[in-house]
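Let's take a friendly walk through a protein model together. Have the sequence and the 3D view open, and follow along one stop at a time.

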Amino acid sequence: MESPPTGTVTFLFSDIEGSTRRWQDEPDAMRALLTEHDAIWREVIEKHRGHLFKHTGDGVAAVFASAADACAAAVDAQARLAGVLPVRVGLHTGEAELRDGDYFGSTLNRCARLMGIAHGGQIVCSAATAELVRDRDDLRDLGEHRLRDLSRGERVWQVGAGEFPALRSLTAASTNLPFLLSSFVGREAEMAELVAAVGESRLVTLTGVGGVGKTRLALQVAGEVLPGFVDGVWLAELAAAANGDEMVQVVALALGVVQRQQMTLAESIVDFLRTREMLVVLDNCEHLLDDTSELVEDVLAGAPKVRVLATSREGFGIPGEAVRPLRSLAATEQDAESSDAVVLFVERARAVKPGIVLDTDAVSIVVELCRRLDGIPLAIELAAARVATMTPAEIVGHLDERFRLLTGGRRGRVERHQTLRAAIEWSYSLLEETERAVFDRLGVFPASFDEAAAVAVCAGDGVERWDVIDAMAGLATKSMVNTEQHGDVTRYQLLETLRHFSRDRADDLDELRRRHARHFAGVAEAFSSGLRSPDEFAWRPRLVAELDNLRAAAGWAFDAAGLDDVGFGVRIIDALLHEAGDRLSWGIQAWAAPGLARVDDLEAAQRATLFTAASQAEFLLGDLERARQLAARALADTPILSNAHDIAIIWLCIGEAALGDPAAAMDFLAEARALVESDPTSNKWRAAGLPILVSTIALMAGDHDTARSQARLSVSRNRALSNPSMLAHALVNEGHVLCTQSPTEALALLDEAMPLLEAGLVDSVYSGALLDVAFLRAPADLARAARAASTAIGVLARTGNRSNIADAIAMAAFVTAAHPAYREVAVTLDGARRGPLLGHIPALFTTPYQPRLDATSEDVVAGLDPAIVGAAQRRGAAMTYDEVTAYALEQLARIAVESEASV
C-alpha cells in the first residue's frame with residue numbers, strides 16, 4: 001500500500017445531510033444505507049488514487065496528491081450516491097501535518113467548514129482547489145462566502161452539475177461577528193456542549209479567568225449556531241463601556257436600536273427585541289455585572305425568542321441561567337503533539353518563526369511550559385511569541401524565575417489568575433524600556449486604534465513619535481498587541497486582560513484620557529469634513545472603526561471636572577451632528593445627554609451644540625413640539641452658519657410647519673437663505689443643502705412652484721458637489737416633489753438615488769424614498785409597492801424613527817387597499833394610523849399625496865359593511881407599536897407574494 005501523501009495535498013470531507021433525524025426515524029434502514037455509503041466511498045477513493053484516513057460519524061475524510069483526482073472522486077461518488085443518501089462534499093488544497101496516520105492543521109478545518117455550507121448532493125471547493133482544476137467544464141463560481149470559522153471570506157466554487165439553494169454561509173445581513181485572523185484550536189467538546197446549551201437555555205454564561213479563551217470560544221459558538229436564528233447573531237463588546245449607561249449604549253449600537261419616545265434606552269432595546277428571534281452575545285460583562293444583569297433580565301422577560309450568550313468572570317445569578325465554566329487547555333505527555341495546549345503553542349510559534357519543527361525532547365518541554373502556564377491560552381500565546389529569540393527550554397527557565405518571585409520561592413502549581421499575571425509580567429519585563437512606556441499608556445483605548453491615535457496618546461515625556469511607531473511594531477511582534485488590516489490601514493488592539501494590566505500601570509490615567517479625547521475631537525472634525533466631500537465612501541468605514549473611541553472620549557469629557565475637557569466632548573458632538581441625523585442607529589444624540597447637565601457653565605456656541613443634539617433626539621422619538629423648543633434654544637445661542645445652526649434650523653422649521661405654521665418656518669429660513677445666496681461659492685455645502693429644506697417646507701405650505709424650483713436647484717448644486725449622501729438626499733427630495741406632478745420623472749430620480757441609499761448612507765431619506773416608490777408603483781405594480789413599503793417600515797423600526805412611522809403605516813394602508821382581498825386590513829391599518837398611538841404625529845412625508853391616501857381610505861370604508869369597518873378600526877386603534885409594525889409587515893409580505901404569483 002502506498003504511503004499517504006504529504007506536502008501540498010487536497011482534502012475531501014463528506015457528510016450526510018440530515019443524518020441525525022434519519023437515525024432517529026429509521027435506524028435499521030439507516031444502518032444498511034450507511035454500509036452501502038461507506039463501501040461506495042472506499043471504492044471511489046481507492047479508484048482515484050486517494051487515501052481514506054478517517055471516518056467522521058456519517059462521513060469520510062480523504063486526502064489526494066492531486067486536486068483533479070479529488071474532484072473526480074467526489075463527482076463519481078455523488079453519481080453513485082444519488083437516490084441513496086444526500087451527501088455534501090467539501091474540497092480544499094493546502095499543507096497539513098501527518099502524524100501516526102492522521103492529518104492535523106488548519107487546512108483540514110477549512111475543508112470541514114467548506115463542506116458545512118453545502119447542501120446534500122452538492123460538491124464545493126475552495127479557490128485554491130479550483131485554480132488547480134480550472135479546465136473542468138463543470139466548475140461554477142459561487143462567489144465570496146464567509147465560513148463559520150469567522151475568518152475572512154473564501155471564494156467558493158461548485159464542482160459538478162445540479163442546482164442548489166444558496167450556500168449556508170454567514171452573511172453581513174445576519175451578524176456583526178468579527179473576522180478572526182488566527183485559527184481556532186481545540187475545544188471541540190466545550191464547543192459541542194455550548195452549542196447544545198444555547199439550544200436548551202435562554203441565558204448561557206461562559207465563565208473563567210481572564211485569558212482562558214472565553215471570548216474566542218463564544219465567537220466560535222455564535223458562528224456555529226447563527227443559521228438557527230432568523231434575525232441573526234449580534235455581538236456587543238462591553239469592554240469599551242465604562243459604566244452602566246455606556247454599556248446600554250454599546251448594546252444599542254450593536255443591535256441598531258435608537259431610543260424611543262417615553263422609554264429609556266434600555267427599555268427601547270427590550271422593545272426592539274420583543275418580536276425578534278435572535279442570539280445576543282455580550283462579551284466581557286464582569287466589570288458591569290449588576291447593570292448587565294438587569295438588562296439581561298429585562299430582555300429575557302420581554303423578548304421571548306431572544307437568547308443571550310455572555311462571557312464573564314462569574315455568572316449573573318439569574319434564574320434559568322446555564323453557567324458553563326471554561327477550563328484551561330489540556331497538556332499531557334500522552335499524545336502530547338495533538339493536545340490542545342501544545343497545538344496552540346506550535347501554531348502561534350509558527351506565526352513568528354515559520355517552519356519551526358519540534359523534536360520529541362522539545363515537545364516534552366512545551367508540555368511542561370504549558371503546564372507551568374496552567375494551560376491558559378493567552379499565557380501560551382505570549383510565550384509562543386518568544387520563539388523568535390528563545391528556545392522552548394529558555395522560555396521555561398524564564399517562567400520559573402518569574403513564578404518563584406511571585407510565589408515566595410515555592411515551585412509548583414499556582415492560582416490561575418496569578419499564573420496569568422506571571423505570564424504577562426514576564427512578557428512585560430522582557431520589553432524594551434520604550435516598549436514598556438508605550439504599553440503602559442495603551443490601556444486608555446477602549447477598542448482598536450490606528451498609528452496616529454497611538455502617537456497622540458503615547459508620545460511625550462521623553463517618548464518621541466518614531467519611538468511609538470517602533471514600539472508598536474515590537475509589541476505586535478511579541479503578541480502584546482493584536483493587529484488587523486482595515487483596507488490599507490493597520491489597526492491595533494489590546495486583549496481585555498492586557499488592557500486592564502496596562503491601565504493599572506498608567507501613571508496619570510486622566511492625562512492619558514485627556515490626550516485621547518483631544519485627539520478624537522480632532523478626528524471627529526476631520527470626519528465631518530471628509531464625509532461632506534466626494535470621497536465620502538472612503539471616509540465612512542474609518543468613522544465606523546472609531547465609534548467606540550469617539551463615544552468613550554465624549555463620555556469621559558462630559559464627566560471631567562474641567563470645562564476645557566468638557567469642550568472636547570462638545571467638539572465631537574458638533575462635528576458629528578450631521579451623522580447623528582443621517583445614521584440614526586448610531587445613537588450619537590445619546591452621547592450628548594450627559595453634557596446637558598453642564599450647559600449653564602458652557603459658552604453659547606457649546607450650549608447650542610448640545611441643545612441641537614437634544615432636539616434631534618426628541619424628533620426621533622416623535623415629540624415634535626419638544627424638538628422645536630430645543631431647536632429654538634439652540635438657535636438663540638448658535639453662530640450663524642455653524643453645524644449647530646444648520647441642524648437646529650431643520651428641526652425648528654419642520655416642527656413649525658408640521659405643527660401648523662409653515663409661514664413661520666419660511667420666515668426663519670429667509671435670513672439663512674440671504675446669507676448663503678449672497679456668496680454661494682464660499683458656502684458650497686450649505687448652498688447645496690439649504691434648498692432641500694426650503695423645498696420641503698414650501699411643499700408642506702402648499703407652494704409647489706417654490707418647492708419644485710428649489711428641489712431642482714439642490715439637485716444641480718449637489719451634482720456639482722459630488723457628495724453621495726447629499727446627492728441622494730437632493731434626488732429623493734426632487735422625486736418627492738414630483739410624485740403627483742410627474743410620476744415618471746419622479747421614479748427616474750428615485751431609481752438614481754436608490755443605489756446610494758441602499759449603501760446605508762442616510763437612514764431617514766432611504767425610508768422616505770421607499771414610501772415614494774410604494775406610492776408611485778401602486779396599484780399597477782402591487783408586488784414592488786408592497787416590498788417598498790415593507791422595507792420602509794423595517795428601516796424606521798430598526799432606527800427607532802417614530803416621527804415618520806405614521807406616514808409609513810398610512811402608506812401600508814394605501815397599498816393594502818389596492819388589493820381587493822385586503823381592504824379590511826387597510827381599514828385596520830388606517831385605524832392604527834389615526835388611533836392614540838400614532839394619531840398625534842403629523843404627516844411629515846406624505847404631504848404631497850396625502851389627499852389621495854385619504855380619498856382611498858374613504859372609498860374603502862364606503863365599500864365595506866359598517867360593522868366590519870368599526871371592528872377593524874377599533875382593532876387597529878388598540879394595537880401597540882410592535883403589533884402594528886408586525887401586522888403591516890406580515891400583510892405587505894403576503895400581498896407581495898400573491899401579486900407576484902398572479903403575474
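Strands β4 and β7 run parallel and are joined by three bridges. Strands and helices here are DSSP runs, numbered from the N terminus: a strand (E) has at least two residues and a helix (H or I) at least four. Two strands count as paired if DSSP finds at least two bridges between them. Across this pair, leucine 91 stands opposite cysteine 125 in β7.

Before going further, a word on what you are looking at: this is a predicted model, in which local features need pLDDT of at least 70 and side-chain atom pairs count only at pLDDT 80 or more, while totals for chains, interfaces and linings use all residues. Residues are numbered from 1 along each chain as its sequence is written, and side-chain values use heavy atoms, with hydrogens and water left out.

Now look at the other partner of β7. Strands β7 and β9 run antiparallel, and three bridges join them. Here valine 124 stands opposite glutamine 158 in β9. Is β7 buried or exposed on its faces? Both faces are covered: Ile123 and Cys125 on one side, and Val124 and Ser126 on the other, are all buried. Buried means under 20% relative accessible area, exposed means over 50%, and partly exposed lies in between, using a 1.4 Å probe and protein chains only.

Let's step back to see the sheet. It is an open sheet of seven strands with mixed pairing, in the order β2-β3-β1-β4-β7-β9-β8. Which strands are at the edges? They are β2 (50–55) and β8 (139–145), each of which pairs on one side only. On average, neighbouring strands of the sheet are turned by 25 degrees against each other, direction ignored. Angles run from 0 to 180 degrees between N-to-C directions, and axes are lines fitted to C-alpha atoms, for helices over the stretch in contact.

Within this sheet, strand β1 (residues 8–16) pairs with strand β4 (residues 87–95) in the antiparallel sense over nine bridges. For isoleucine 16, the bridge partner in β4 is valine 87. Helix α4 (residues 106–116) packs on the sheet and touches β1, β2, β4, β7 (123–126) and β9 (154–159), its direction making about 155 degrees with that of β4. Helix α2 (residues 27–47) lies across β1, β2, β3 (60–64) and β4, and runs at about 165 degrees to β1. Contact means heavy atoms within 4.5 Å.

Zoom in on leucine 114, which is found in helix α4. Leucine 114 has a relative accessible area of 0%, so it is buried.

Next, visit two helices elsewhere in the chain. Two packed helices are described by the angle between their axes and the distance between the axes. Helix α20 (residues 509–530) and helix α21 (residues 536–545) pack at about 155 degrees, with their axes 9 Å apart. That makes α20 roughly antiparallel to α21, since angles over 145 degrees count as roughly antiparallel, under 35 as roughly parallel, 65 to 115 as roughly perpendicular and the rest as oblique. The contact is made by Ala526, Phe527 and Gly530 of α20 together with Glu536, Trp539, Arg542 and Leu543 of α21.

Glycine 443 sits in the loop between α16 (433–442) and α17 (451–458). Its relative accessibility is 1%, so glycine 443 counts as buried. Glycine 443 and arginine 499 are 56 residues apart in sequence, yet 4.6 Å apart in space, C-alpha to C-alpha. Not counting residues up to four places away in sequence, glycine 443 touches Arg499, Ser502 and Arg503.

Finally, look at some backbone details. Most residues other than glycine have a negative phi, and most peptide bonds are trans. Arginine 49, in the loop between α2 and β2, has a positive phi near 65 degrees. Arginine 49 is exposed, because its relative accessible area is 59%. Asparagine 284 also has a phi near 65 degrees, but asparagine 284 counts as buried, at 10% relative accessibility. The peptide bond from alanine 778 to proline 779 is cis, with omega near 0 degrees. Proline 779 lies in the loop between α34 (763–777) and α35 (782–799).
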